[in-house]
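Here is a brief report on one protein model, from its domains to its ligand site and one of its sheets. Please look at the structure first.

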Amino acid sequence: MTIPQMEPWLGEEEAAAVNDYMRSGGWLMEHDKTRKFESIIADYTGATHCIVTVNGTVSLTLAALACDVKAGDEVIVPNYTMIATANAASLLGARPVFVDVEPETLCLDINQTEAALTTKTRAIMLVTANGRYPKAGIEAFVDLADRYGLALIEDAAQSLGSHYPDGRHIGSVGKVGSFSFSVPKVITTGQGGCLITHDGELAERLRKLKDFGRASGGSDIHQSIGYNFKFTDLQACVGIEQMKKLDWRIERKKEILLKYHQALHAVGSVKFFEQDLVNTTPWFIDILCERRSDLQEHLKQRGIGTRAMYPPVNKQEAYQRVGDHPVSELVGRQGLWLPSSSQLTDQQIKTVCDAIAEFYS
Ligand SMILES: Cc1ncc(COP(=O)(O)O)c(C=O)c1O
């Protein structure tokens with residue numbers, strides 16, 4: 001593709017950091033560089049603790065485990081999300097309960113969330129889709145979770161660089177927030193994820209869970225069962241350099257969305273979701289469009305990559321659950337991600353928009 005839907009952006013700085021590290025005699029496994037990466041993320045998000053781990057699926061699973069989600073429990077999951085959100089609950093033997101999302105933000109609908117709670121519900125996984133927050137506001141979800149004694153887990157995999165209107169970083173408000181650093185994300189470490197929290201006790205549990213259940217590295221005394229979900233210092237070298245580029249990327253992502261808006265506002269077959277560009281950062285450019293697969297083919301022939309947005313999770317073969325979820329079903333039929341890399345040029349955005357306008361003309 002001449003204009004890919006997404007591409008990684010790693011520069012000389014990352015290469016030099018890895019090179020220097022390789023010559024430093026480091027052990028590669030997580031140590032000082034990882035601690036530094038964690039402290040950079042904690043500072044950036046305003047969280048008291050940051051615990052990095054192997055990816056965003058494992059971080060969600062660890063979050064649920066640390067919040068006492070057990071086999072037989074129910075976990076509220078939006079029906080529009082990357083399937084990892086639901087799978088994290090399934091991995092623990094819990095049952096993801098799918099709830100539809102708001103049409104404007106693609107985040108959980110609070111009334112439908114409350115209606116789906118049962119005596120078995122243990123946690124709510126609030127996915128802040130594409131950096132967006134629910135219209136009901138995060139405090140309404142905090143209240144709901146408190147009223148029913150549930151853990152509010154923010155799946156902020158797509159929300160680095162996005163804040164709630166009161167200034168708090170997304171992911172830092174619930175009991176624990178989870179991020180992903182997979183390659184298409186705003187910053188990447190190849191694979192990678194992290195958890196942020198203000199709760200010191202929970203942070204301690206998470207650190208033990210990811211390190212064989214021991215209180216400190218290098219010891220073979222284990223107080224509890226834990227696993228090996230650790231990071232590597234090699235990846236942390238990349239992450240530290242990527243974080244230095246975050247502010248620029250955030251600004252560029254916002255500009256890119258504005259340019260798409262300006263160029264496509266007159267195309268009636270294309271609809272944008274709401275995005276608060278003051279507080280949040282669009283990770284991918286997401287639209288609803290008519291005749292999606294024909295449009296994709298038209299763009300593909302012109303060297304332009306796109307990607308269909310997530311299908312409704314309940315309808316995936318992996319779950320096959322009945323349920324009426326009109327918003328996630330609409331997105332499953334008409335949702336499309338347009339080219340969204342931070343390094344897209346203005347000319348490339350124009351090329352994409354001209355090709356879309358041509359298709360619908
Ligand atoms: C909302 C959401 N949750 C979880 C994940 C899983 O993260 P990872 O790919 O790092 O396992 C992703 C990844 O795309 C995601 O978008």
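Helices here are DSSP runs of H or I with at least four residues, numbered from the N terminus. The model is predicted. By that count, Gly-93 follows helix H4, and its phi is positive, near 85°.

**Helix H4**

H4 spans residues 84-91. Its buried residues include Ala-84, Thr-85, Ala-86, Ala-88 and Ala-89. What covers them? Helix H3 is part of the cover. Four strands also contribute: E2, E3, E4 and E5. The table gives the residue ranges of these covering elements.

| Element covering H4 | Residues |
|---|---|
| Helix H3 | 56-66 |
| Strand E2 | 74-78 |
| Strand E3 | 95-99 |
| Strand E4 | 121-127 |
| Strand E5 | 151-155 |

**The ligand shell**

H3 and H4 turn up again at the ligand. Each supplies at least two residues of the shell around it. Which helix gives the most to this shell? H3 does, with three residues. In total, 15 residues surround the ligand. The closest are Gly-56, Thr-57, Met-82, Ala-157 and Ser-180. By type, the shell holds nine polar residues, five nonpolar and one charged.

**Two domains**

The chain is divided into domain 1, residues 12-244, and domain 2, residues 246-360. Their centres, taken over C-alpha atoms, are 25 Å apart. Domain 1 puts 28 residues into the contact, and domain 2 puts in 27. On the domain 1 side, 14 of the touching residues are nonpolar, nine are polar and five are charged.

**A four-stranded sheet**

Now for the sheet. Its four strands run in the order E8-E9-E11-E10, and the sheet is open. The pairing is antiparallel. Which strands stand at the edges? They are E8 (270-272) and E10 (307-308). Each has a single partner strand, so one side of each is left without a neighbour in the sheet.

E9, residues 285-289, pairs with E11, residues 335-338, over four bridges in the antiparallel sense.

How values were computed: Residues numbered from 1 in each chain as written. Predicted model: local features only at pLDDT ≥ 70, side-chain atom pairs only at ≥ 80, totals over all residues. Domains from an automatic or database assignment. Contact = placed C-beta atoms within 7 Å. Nonpolar A, V, L, I, M, F, W, Y, C, P; charged D, E, K, R; others polar. Near = placed C-beta within 6 Å. Pairing = 2+ DSSP bridges. Buried ≥ 20, exposed ≤ 12 C-beta atoms within 10 Å, placed from the backbone.
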